[in-house]
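I opened this entry to look through one protein model, helix by helix. My notes follow the structure.

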Amino acid sequence: LSTARNSLTVGLIPADGIGREVIPAARDAIVAVQQELPPLKFIDLLAGWDTFTRTGTALPSETVRALKDECDCALFGSVSSPSRKVAGYSSPIVALRKELDLYANIRPVRSVSADASTPPTTDLIVVRENTECLYVKDEKLVNTDNGKEARAIRLITERASTRIGKIAFELAKARPRKAGTGSNCCYFSDLLQLVTIIHKSNVLSVTDGLFRESVRAVPVAANGKFDDVTIEEQLVDSAVYRLFREPQIYDVMVAPNLYGDIISDAAAALVGSLGVIPSINAGDNFVMGEPVHGSAPDIAGKGIANPVASIRSAALMLRHLGYSSPADKIDKAVNDTLAPGKVLTADLGGSSSTSEVTKHIMGLIEAQY
Ligand code: ATP
Ligand code: MG
């Protein structure tokens with residue numbers, strides 16, 4: 001997104017559980033880099049299960065209005081969902097993605113090496129199409145002479161596949177080149193920027209075939225803009241296998257909704273705690289940062305939730321908005337906190353509180369100015 005704006009208005013939607021403890025930390029991180037940003041404004045907004053139980057709606061129309069009319073971007077915490085289906089309740093995050101047309105789910109997964117000179121073994125981004133595939137939820141159950149039969153529609157369009165492809169190529173182009181990337185990495189001597197298209201077009205040649213062709217057409221139509229980006233393809237099953245055996249071969253992975261969902265959780269398992277993994281939901285006009293973890297009811301209210309996923313989500317959001325220098329400072333402060341392993345929350349084996357970790361990271365941001 002373009003950085004030509006006179007102010008930056010951030011909607012804050014902590015929602016439920018530990019969202020209320022970690023979103024303030026993400027806000028602090030944005031404030032800590034404000035000298036590199038246009039004048040900031042924060043707007044507190046309601047959504048979630050708690051909002052539902054008090055008002056009868058999980059996503060008040062005022063929240064949607066404020067996001068659309070007043071905000072440039074937003075930070076979303078986490079929602080608790082009821083264990084059983086509750087009449088009238090539906091996930092506000094799913095509704096928000098639709099309302100704001102946030103068609104890309106972007107999840108970087110990066111391990112931290114103990115010393116700065118060793119590159120991380122896992123350093124990749126999963127780019128997941130977020131509006132179609134099997135998740136159009138067009139399902140039907142019919143009774144036949146041979147018993148029940150269930151069918152689901154899987155929608156893949158050229159438009160959605162092309163726009164997610166563009167995001168993947170833009171991200172690959174903006175990332176530092178990586179050595180030893182690529183499924184044939186022993187043959188590559190060069191440093192690469194790589195997009196790996198994930199599909200299963202040997203079986204689903206029509207739907208996955210269209211996804212694959214549409215993504216492949218992106219650099220062709222871009223008049224040389226993405227000439228430096230290498231393209232590979234992998235079948236989704238083998239991609240998961242290789243992700244666990246040699247995560248270093250990946251840079252940017254782009255996938256239709258369902259495969260992307262599975263791969264992003266599988267990739268998250270490579271780096272330990274859910275408490276460190278950020279994401280953004282992005283569209284052409286809006287971006288929303290969201291830690292990957294849920295509301296963690298088991299630790300909510302204890303002040304021990306890891307704020308890193310939310311702080312990194314803030315950095316990722318700023319980067320997507322075009323503010324890469326402040327985003328770099330936040331990421332560096334986080335990495336310099338995690339690597340020595342002295343100030344960590346319990347999920348990473350430490351004994352520091354949310355506020356101690358946040359304070360430590362803020363100190364390391366300030367030290368860079
Ligand atoms: P929800 O139903 O909202 O998804 P959940 O019980 O599935 O909640 P998650 O948030 O998905 O919980 O996380 C699973 C486990 O990981 C939790 O039990 C929690 O202890 C741990 N966890 C998740 N996020 C964090 C965090 N930020 N800091 C520390 N631990 C975390
Ligand atoms: Mg969960």
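First, a term for the helices: I take the expected span of a helix as 1.5 Å times one less than its number of residues. Helices (H or I, at least four residues) and strands (E, at least two) are DSSP runs, numbered from the N terminus. The model is predicted, so I note the limits: local features need pLDDT of at least 70, side-chain atom pairs count only at pLDDT 80 or more, and totals for chains, interfaces and linings use all residues. Residues are numbered from 1 along each chain as its sequence is written, while chains are lettered from A and ligands numbered from 1 in the order in which they are written.

**Entry: overall form**

I counted the elements of the protein and found 11 helices and 12 strands. The C-alpha trace spans about 60 × 55 × 45 Å along its principal axes. I then checked the radius of gyration, which is taken over C-alpha atoms; the globule rule is 2.2 Å times the number of residues to the power 0.38. For 369 residues a compact globule would come near 21 Å, and the protein has 21 Å, which agrees.

Next I looked at burial. I call a residue buried if 20 or more other C-beta atoms lie within 10 Å of its own, exposed if 12 or fewer, and partly exposed in between, with C-beta atoms placed from the backbone. Buried residues make up 46% of the 369 residues.

For contacts, I require the C-beta atoms of two residues, placed from the backbone, to lie within 7 Å. Of the contacts with a separation of 6 or more, 73% come from residues 24 or more positions apart.

**Entry: helix α8**

Helix α8 covers residues 257-268, 12 residues in total. From first C-alpha to last it reaches 16 Å, close to the 16 Å expected. Its buried residues are N257, Y259, G260, I263, S264, A267 and A268. Seen down the axis of α8, these fall within an arc of 160 degrees, so they line one face of the helix. The arc is that of the directions from the helix axis to the C-beta atoms.

What do the buried residues of α8 pack against? I found β4 (104-110), β5 (123-129), β8 (193-199), α7 (236-245) and β10 (252-255).

I picked out I263, which lies in α8. I263 counts as buried because it has 25 C-beta neighbours inside 10 Å. Leaving aside neighbours within four places in sequence, I263 is in contact with V126, I198, A239, V240, L243, M253 and A255. I also checked I263 against D237, 26 residues apart along the chain: their C-alpha atoms are separated by 9.7 Å.

**Entry: helix α6**

Helix α6 (residues 207-221) has 15 residues and reaches 21 Å, close to the expected 21 Å. I listed T207, D208, F211, R212, S214, V215, V218 and P219 as its buried residues. Down the axis of α6 they fall within an arc of 165 degrees, so they line one face. V220 and A221 are exposed on the other side. The cover over the buried residues of α6 includes α5 (158-174), β8, β9 (229-235) and β10.

H360 lies in α11. With 17 C-beta neighbours inside 10 Å, H360 counts as partly exposed. Beyond its neighbours within four places in sequence, H360 is in contact with T337 and V343. The C-alpha atoms of H360 and T337 are separated by 7.3 Å.

**Entry: positive phi**

Most residues other than glycine have a negative phi. I noted the exceptions below.

- D101 has phi near 50 degrees. D101 sits in the loop between α4 (92-99) and β4, and counts as partly exposed with 14 C-beta neighbours inside 10 Å.
- K137 has phi of about 55 degrees. K137 is in the loop between β5 and β6 (139-144), and counts as exposed with 8 C-beta neighbours inside 10 Å.

**Entry: ligand 1**

How many residues surround ligand 1? I count 19, and the closest are G275, H293, G294, S295 and N306. A residue is near the ligand if its C-beta atom, placed from the backbone, lies within 6 Å of it. The shell divides into 8 nonpolar, 9 polar and 2 charged residues. Here Ala, Val, Leu, Ile, Met, Phe, Trp, Tyr, Cys and Pro count as nonpolar, Asp, Glu, Lys and Arg as charged, and the others, Gly among them, as polar.
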